[in-house]
Amino acid sequence: MKTFKIGGVHPEENKLTSDKAIEFLAISQKICIPVTQHLGTPSTLVVEKGESIKTGQLIAKGDAFICANVHSSVSGKISKIDTAIDTSGYKKTSVFIDVEGDIWEETIDRTNTINKDILLSKEEIIAKIKDMGIVGLGGATFPTHVKMMVPNGKKAEFLLINGVECEPYLTSDHRLMLEKGEEILVGISILKKALGVEKAIIGIENNKSDAITYLTKLALNFTGIEVHALKIKYPQGAEKQLIKALLNREVPSGKLPIEVGCVVSNIGTAFAVYEAIQKNKPLFERVVSITGKSLKNPSNFMVRIGTPVIELIEKAGGLPDDSGKVNSGGPMMGKALNSLDVPIVKGTSGILIMTRKESKRPEILNCIRCGKCITVCPMGLEPYLLAQLAENGNFETSEKEKIMDCMECGSCQFTCPSSRPLLDYVRLGKNKVGLIIRNRANN
Amino acid sequence: MNQVLIYAIIAISSIGALSALILFFVAQKFKVIEDPKIDEVADILPGANCGGCGYAGCRNFAEAIVKAGNLDNLNCPVGGNTVLKDIAPVLGIIATERSPQIAVVRCSGSYTNAPKKVEYDGASTCTFANNLFAGESGCPFGCLGLGDCVFSCKFDAIYIDEATGLPVVSNEKCVACGACVKACPRKIIEIRNKNKKDRRIFVSCINQEKGAPAKKNCEVACIGCGKCMKVCTFEAISIDKNLAYIDFEKCTLCRKCVDECPTNAIIELNFPPRKEKAKKEETVNTEL
């Protein structure tokens, strides 16, 4: 079975919700939609306070190149446009909506019939993906239409679909594959057409054998879609690792996957693309796993964007007494929330409630030079060195040591026997080096 | 045996003499002509190489002084007026007296004023924490208390008070070099005039949020109400982005604004206790 070669770790899987069907979460009364939910230039608002809006109506427009539209996830009246805290605790411009009923835009097809015929041309598909505000739902939230526009002189050969879900606990992609398999495959066919590639490969880790069997069977009815099982290893869901695992190609440092003829997209994104193109439905809801060892009723919910996290937790049995940390995302790459009123955004793949014991970081000891961090780093970096350089403020050397290649998977910190905050310092270094690079480019 | 010794001595000394000769001519040829004033000025400077002047070390600063030929906009925070007075005759000018300055921490978000809402146990550096989240109290402007300023200080003049979680600047040790100002990712520390008897009045908050959200996270936040600006007869106070700022050049230390501030965001330091309003002692660390 295939996997990537360098590094990787095996955290406990803890997929508690893999057999829980996706439920629709009742629409919250308090919806707060952040105006910018993607990676790139912020979007500009197109609605005003007091305006009545419908579900699926555009509320913020992405004009810049790397930018995405945002749509309303509910119908009602805009009560205010103000700042609200996001996952980091910093305030970002958000639209607050007083929910009234659930009136959808007429253009949206709400039936469940699976529409297999792709009528639009390549350019029309890309334009529509842009209109519908589709971003990468794996977590990075990179606008999908930008990914689909292959730069001049480059050629896409393969479309890789990431069904790996290597992050422990999370099962949103897994459930989507089982329940919306056919839609996903149509979505992949649309993406294939948009890119002009002949072949698409879905990579799925071997712990989801039901999804592998199901999608392999369905894929027989589609041309040029293959399903490959992959060995279980974190972080296989990372773009570059997935390419290495499926095609044994290596993306050069600082380059994008298109350099080796690949475009990588997520299962969730493929489903969103299907809904956008065939059903005219903008991206305003997504599957979110809410999970945790002490949570009473861990589930997978179909959630409208803008729903506060606390509502999901209450629906899943309430916040357990021994909760130590609530993460947006999984335990490896997720981010601890500092308020439970934070809204679900396009990039939220799961909410993980960790117990007090799990969330406590062990005491930081000295580096014993065991080199384990180097062994597990999937990018072949030296995390101990990068962390030390960043700690000492030596950012020029950090850059030479390829700190920008780090994708912040956290394998180094996970494996460190001295529990050193390696990733924290590498992130600090990346931030500073990024600034230095940007300054250099501007001058 | 003797002969070997003599040969060796002759050989080595002639090589030495020859090299000396070469070096002499090379030194003549590539001589760097430097203004002798630079050496004189560098000798007067304290030699702490703290970079507080904005130059890479004392030597570099001396070069800048000699090049400029005057002391306008150039200041050695460590040496202060005494050093500048000594340098002035070297340049042939007269030094003007500058008021001594000190670093001031403009945040009163102690554990009691701005209670922790979440706990942070990541890497102990403010720069990283600032990139990661708004802070344990939720105030996106307030002090993170992880001590980047402490590490940056070369004069041991700043420490984190464990009771409040805020940095405290020592009146005696601080030379106002500005290293902490640069180190603080939130720009909380400011260099202000030291004034007579170390008496200072300043707005101990840099929160630019509107009143309600600012007050939600911290009891002593400046809410930008503008009362201090109205009461000030010297036009020393301005309000920008919901935040009051006292211009230390204009402030006469009359203390009217301190009484007026509804949230106790304005702090007075090292003043004798008031007679009539002895009860209105500030809740914040007076030792600051």
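Reply: Happy to! The domain bounds I use come from an automatic or database domain assignment, and the model itself is predicted. With those bounds, chain B has domain 1 (36–91) and domain 2 (101–269), and their C-alpha centres are 31 Å apart. Six residues from domain 1 of chain B and six residues from domain 2 of chain B make up the contact between them. On the domain 1 side, four of these are nonpolar and two are polar, with no charged residues.

Chain A is split into three pieces: domain 1 (1–24 + 108–360), domain 2 (25–99) and domain 3 (372–442). Between the C-alpha centres of domain 2 and domain 3 of chain A there are 34 Å. Where the two chains meet, chain A contributes 12 residues and chain B contributes 14 residues. Helix H14 (residues 422–442) of chain A supplies the largest share of the chain A side, with five residues.

The buried set is Glu239(A), Lys240(A), Gln241(A), Leu242(A), Ile243(A), Lys244(A), Ala245(A) and Leu246(A). You will notice that Glu239(A), Lys240(A) and Lys244(A) are among them, and Glu and Lys count as charged. What do these buried residues pack against? Their partners are four strands of chain A: S9 (158–163), S10 (199–205), S11 (225–230) and S12 (262–266). After the helix comes Asn248(A), with a positive phi near 55°.

Leu185(A) sits in helix H4 (residues 181–195) of chain A. Why is Leu185(A) classed as buried? It has 26 C-beta neighbours inside 10 Å, and 20 or more are needed for that label. Leaving aside residues up to four places away in sequence, Leu185(A) touches Leu218(A), Ala219(A), Phe222(A) and Ile225(A). Of these, Ile225(A) belongs to strand S11 (225–230), against which buried residues of H6(A) pack. Ala219(A) is 34 residues from Leu185(A) along the chain, yet their C-alpha atoms are separated by 7.1 Å.

Conventions. Residues are numbered from 1 along each chain as its sequence is written. Chains are lettered from A and ligands numbered from 1 in the order in which they are written. This is a predicted model: local features need pLDDT of at least 70, side-chain atom pairs count only at pLDDT 80 or more; totals for chains, interfaces and linings use all residues. Two residues are in contact if their C-beta atoms, placed from the backbone, lie within 7 Å. Helices (H or I, at least four residues) and strands (E, at least two) are DSSP runs, numbered from the N terminus. A residue is buried if 20 or more other C-beta atoms lie within 10 Å of its own, exposed if 12 or fewer, and partly exposed in between; C-beta atoms are placed from the backbone.
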